[in-house]
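Trainee: I have not looked at this one before. Can you walk me through it?
Mentor: Have a look, then ask away.

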Amino acid sequence: MNLLRFGHDAYGERVLNGVAWELLLPVAFWAGVAVIVGHLIYRALRRGKSGRTHGQ
Amino acid sequence: MANDTQKLQRHAGVDRLFHWVTAVTLTLLLATSLLPILGVRFAWYGVHWVAGIVLTLIILLHIVRALFWQRPGSMLLTAADFSARGAGKYTLAQKLMHLGWTLAVLVAIVTGLLLLRKAGVSFMTRDPYAYSPGTWGFVTLLHDLSALLSVFLVLVHVYFAILPEKRAYLRAMVSGFITRRDLAAEHDVERVERGE
C-alpha cells in the first residue's frame with residue numbers, strides 16, 4: 001500500500017499528487033485515539049496508585 | 001496568605017476571541033477538505049478558501065499581538081519546563097500542543113496560499129502552470145500532511161480540554177479567569193505573575 005498518491009502529467013510522466021488519504025487519514029485518526037487511550041490508562045494507573053497510598 | 005478562590009485573569013478577551021475564531025475556521029477547513037474524501041459530496045471549495053483566508057488574517061494578527069503586546073517567551077520551551085517545579089503560564093504539554101498547532105497551521109497557510117494560484121479565486125487569476133506538476137505535488141503533499149497533523153491535534157486537544165481535571169483551562173478560555181487554587185495545581189503562581 002502506498003503512502004503517497006501519484007498521477008501522470010501531460011507527457012505521461014509519473015507525478016506526485018499528495019498523500020494516500022485512504023491509508024494516512026485513518027493513521028492520523030487512530031494515532032489521536034491511541035494517545036487518548038494511553039493517557040486514560042496512565043491516568044487510571046496513577047489514580048489507583050495514589051488511592052492505595054492514601055488508603056495505607 | 002493569598003485566597004485560593006481569588007480569580008486571576010488567564011486570557012484577555014481578544015485572545016479568547018482569537019482562539020474560538022481559529023477553532024471555527026479550522027473546523028470548517030477540516031470539514032470541507034476531509035468530508036469529500038470520506039464520500040460526502042458538496043461544493044466545498046468556496047467555503048474552504050474563504051475560511052483559509054480568515055485563518056491567515058487572524059494568525060497574522062495573533063503573531064503581531066504575541067510579539068508586541070504579550071510575552072512570547074512564556075510559550076517557548078525552556079529547561080525549567082523539564083524540572084519538577086510548577087510551570088509558568090503554560091505547562092510543557094500546553095507548549096507542545098501550541099508548537100504542534102504552529103507547525104500545522106503555518107504549513108497549511110503557506111501551502112494553501114500557493115495552491116490558491118493553482119485553483120484560482122475571485123481576487124487571483126488561476127495559473128496552474130506557475131510551477132511544474134512535481135512542485136505542485138510537493139506543495140499539495142505538505143498541505144495534506146498539515147491536515148493530517150491537524151486531525152491528530154484536534155482529537156488530543158479536545159480530549160484534554162474536556163478532561164475533568166483540566167476543565168479549569170477550558171473555563172478560562174471561555175470566561176478569561178482561573179482561580180488561584182486551580183492554577184496552583186500545575187503552575188508556580190509566582191512564575192506566572194513574573195510573566196514566565
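Trainee: Let's start with R117(B). Is R117(B) buried, exposed or partly exposed?
Mentor: R117(B) counts as partly exposed, because its relative accessibility is 35%. Buried means under 20% relative accessible area, exposed over 50%, and partly exposed in between, with a 1.4 Å probe and protein chains only.

Trainee: Which residue does R117(B) form a salt bridge with?
Mentor: R117(B) forms a salt bridge with D127(B), and the closest N and O atoms are 3.8 Å apart. A salt bridge here is a side-chain nitrogen of Lys or Arg within 4 Å of a carboxyl oxygen of Asp or Glu. R117(B) is in helix α3 of chain B and D127(B) in the loop between α3 and α4, so the pair ties together parts that are 10 residues apart in sequence. Helices are DSSP runs of H or I with at least four residues, strands are E runs with at least two, and both are numbered from the N terminus.

Trainee: Before I go on, what sort of model is this?
Mentor: It is a predicted model: local features need pLDDT of at least 70, side-chain atom pairs count only at pLDDT 80 or more, and totals for chains, interfaces and linings use all residues. Residues are numbered from 1 along each chain as its sequence is written, chains are lettered from A and ligands numbered from 1 in the order written, and side-chain values use heavy atoms, with hydrogens and water left out.

Trainee: What is the mean pLDDT of chain B?
Mentor: The mean is 94, and 98% of the residues of chain B reach 70 or more. pLDDT is the predictor's confidence in each residue, from 0 to 100.

Trainee: Back to salt bridges. Where is D81(B)?
Mentor: D81(B) is in the loop between α2 (45-68) and α3 (92-119) of chain B. D81(B) forms a salt bridge with K95(B), with 2.9 Å between the closest N and O atoms. D81(B) counts as buried because its relative accessibility is 11%, and K95(B) is buried at 5%.

Trainee: New topic. How many residues of chain B are in contact with chain A?
Mentor: 22 residues of chain B are in contact with 22 residues of chain A, contact meaning heavy atoms within 4.5 Å.

Trainee: And how many salt bridges are there between chain B and chain A?
Mentor: The count is three. R47(A) forms a salt bridge with E165(B), at 3.5 Å between the closest N and O atoms. R43(A), R47(A) and E165(B) are linked in a network of salt bridges.
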